Amino acid sequence: KLHSGLLEELKPADPSQAHVLEPPEMDQRLERRRSSLEMMSPEALRKRIEKDRLKASLTAGRSRNSVVAEQDRKIVDFDIYLNQVLLPVLAQSLDSLCRQLNRMEEKGDAFDPKARARFNPLTWLAQQLQRRHPRCARTPRRQALYQKFGEWSDQEHGRREMLRMKDTIHQVFNGFVLRNSVQKAFLPKVVNAIDDTLKLGSVLKSNPHVQRALGVVAPPDRNAMRMSIRSPGGETWSFARFWHTFANLLLEHDIVPYSAIEKGAKLQEQEVQERLEREEAQQKMEERRQQKEEDQRRLVQEYTGLRERLIADPQIQAMLEEGKLLTGDDMRPGDVGYENEVPPKGPHVALLTELLSTMGFERQVQRMSTPSEPHDQELEEEEWYWTDDLAKDWSLLQEVCGDRLTDGVVEKGTLEKVLVQPDGFLLLKSRVEDELERVAEGDEGEGTSNSMTSARPASDKTRPSMESMCQKYGMTMSRMTWLHELFESFVVPEPDAPKDAPRCGYPENAKSIHKPQMRELVYMVNSTLTDAEFEARFRRIDQDSDGEIEFDEFVDWVYNDDIQVVGAGSKKMSLEDLAAAYGEPLALMKHLLKCFRDRLQEDQEDNYPEVPAGLAKDSVKELLEALTLNRVDGRDFEADWQIVDANGRGV
């Protein structure tokens, strides 16, 4: 450390100016530095060096945590640093020092006495070390020397980093576990998944030593693969066996250089950032969707109240029951057809104007006065007039409703089509908005459908690709293809070829598995899953209720519901599962969870379903009595408790 401190003190800001310091000046600086450091205790010297390094790192804009982490890493691999940086420089410097001493000895008395008097081997060596720093290397010979030491250090550093990643590799290995072990045929997929997870750029999976030790000569037959998945048997590997083989490969051969690991780490950080950005964009889309749904609910509520007022209006009732018309003509008693029309002004006109505005027309409810009366903002509703603009909007609404005559006259047929039930209002409004957009764009097409009840043609289901699912769920392609093979092995064969292994050409020619096959698959990988949990999760994933699961739904099941294809193990049902299993709303489950947590002790922490807390027997009984507002029968409670507390833990 003392030597490193001296070198750091002598390092010039510009490597090209390393020759500026003359020996006498350097001797004085070295002496001052040496005397200052020798007066410190080892502990004080260590703290001083750490403080200087930390200060330099913070000045460069780095956080304390990253500095400490980097210091720890350098301390662990300090021998690699010495072999990569110090040893080649020191070897050349010592060689130069020996040659300098030989030259001085050969010259003898001819050598300058003053130069001999001030010659200091340590000072000379320090100058050589500084001038021969790898950053200052200029000649091809030096660069080649440093490169060879760098290649060795890169491989050794990579070997150690891979051995430190045992937990990460174990996690990847668990993704291929079936019946508590991994079949030998799937070991190449495990290696591929490790390479993909660490973003090593095929350095690991293409290594010949790894392929010979863990690879297979040829992929097994599809029927044999199907039988090996469905039936136990064949050679299997535990993680202990896999890690023993893998670690020995790393120790015996140069497999993964540290430069590949470092590059992969940057790619992982980039992927994490991109995934966070995608999730943020999806969250914004979800917020917009929720806002849209809230606006739609508000519109439906407004329309419901408006519809009730329209039906209750006497003039609207006259049009619906007596067949009267609203033409907008100012008919007087005695005029021909007066008895067949409703007045062109009044509250019914205001209601119809509000209806048009609710439908999406940009007309505002406006009050009008007769030509003989001055305009007054305080006129009563009786002064609302059916204008030509309103009639034009109504004619467009007639076209949307499929009326043969679109003259802007309000009559019974159009009113009955417009005053739909609240649950059909949004469909009518969307048709009106489409027609308004078509008119605004000057579309001369065929217009809208002639039937109010006709539905738009349903488009085929768009299935996500495997690549997009890998990005969405954070899985490697190796594991995704393995899940596909696992899913494919449970597809029922075609009736005309019962002996041939079925193919699932996802996503173009996707196949599905039925509920019995799904139950067999789930119980094979997770035998502790209860029937209630399976039924609840199956109902959640089978959104179209056809009793079949496609591959993308299966992947979503594996990811979201934590049915992990990693061997045995159980997990508490989520609140959504509980709500689906017992046919109760999710809000009730959240309320029950809150009441449950209120009964816990102060030092207890509940993180259901990951780390659930337990409630004592007496507290459970008190909670039941508080929720039901009745006294719980002791015998019934004891019988139920024996069922619930099957393992006898008392909580």
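Which exposed residues does the face of α26 turned away from its buried side carry? They are A587, K594 and D598, where exposed means over 50% relative accessible area, buried under 20% and partly exposed in between, computed with a 1.4 Å probe and protein chains only. This is a predicted model, in which local features need pLDDT of at least 70 and side-chain atom pairs count only at pLDDT 80 or more, while totals for chains, interfaces and linings use all residues. Residues are numbered from 1 along each chain as its sequence is written, and side-chain values use heavy atoms, with hydrogens and water left out.

The buried residues of helix α26 are M589, L593 and C595. These residues lie on the same side of α26, because they cover an arc of only 160° around the axis, the arc being that of the directions from the helix axis to the C-beta atoms. Helices such as this one are DSSP runs of H or I with at least four residues, numbered from the N terminus. Helix α26 takes in residues 586-598, and the 19 Å between its end C-alpha atoms agrees with the 18 Å that its 13 residues should span, the expected span being 1.5 Å times one less than the number of residues.

At the surface, L588, L592 and L627 form a nonpolar patch with about 200 Å² of accessible area together. Such patches are made of residues with over 30% relative accessible area and no salt bridge, with nonpolar side chains (Val, Leu, Ile, Met, Phe, Trp, Tyr) joined within 5 Å and like charges within 9 Å; a salt bridge is a side-chain nitrogen of Lys or Arg within 4 Å of a carboxyl oxygen of Asp or Glu. The areas come from the Shrake-Rupley method with a 1.4 Å probe, and for residues only the protein chains shown count as cover. L627 belongs to helix α27, residues 617-628, and counts as partly exposed because its relative accessibility is 37%.

Turning to helix α19, residues 425-440, its 16 residues reach 22 Å from first C-alpha to last, close to the 22 Å expected. Its buried residues are F425, L428, K429, R431, V432, E435 and R438, and they pack against α14, α16, α17 and α18, contact meaning heavy atoms within 4.5 Å. In helix α17, L397 counts as buried because its relative accessibility is 0%; leaving aside residues up to four places away in sequence, L397 touches L356, F361, V418 and V432. In helix α16, T358 is buried at 12% relative accessible area, and, with the sequence neighbours up to four places away again not counted, T358 touches L306, F425 and K429.

Methods
Helix = DSSP H or I, 4+ residues; strand = E, 2+ residues; numbered from the N terminus.
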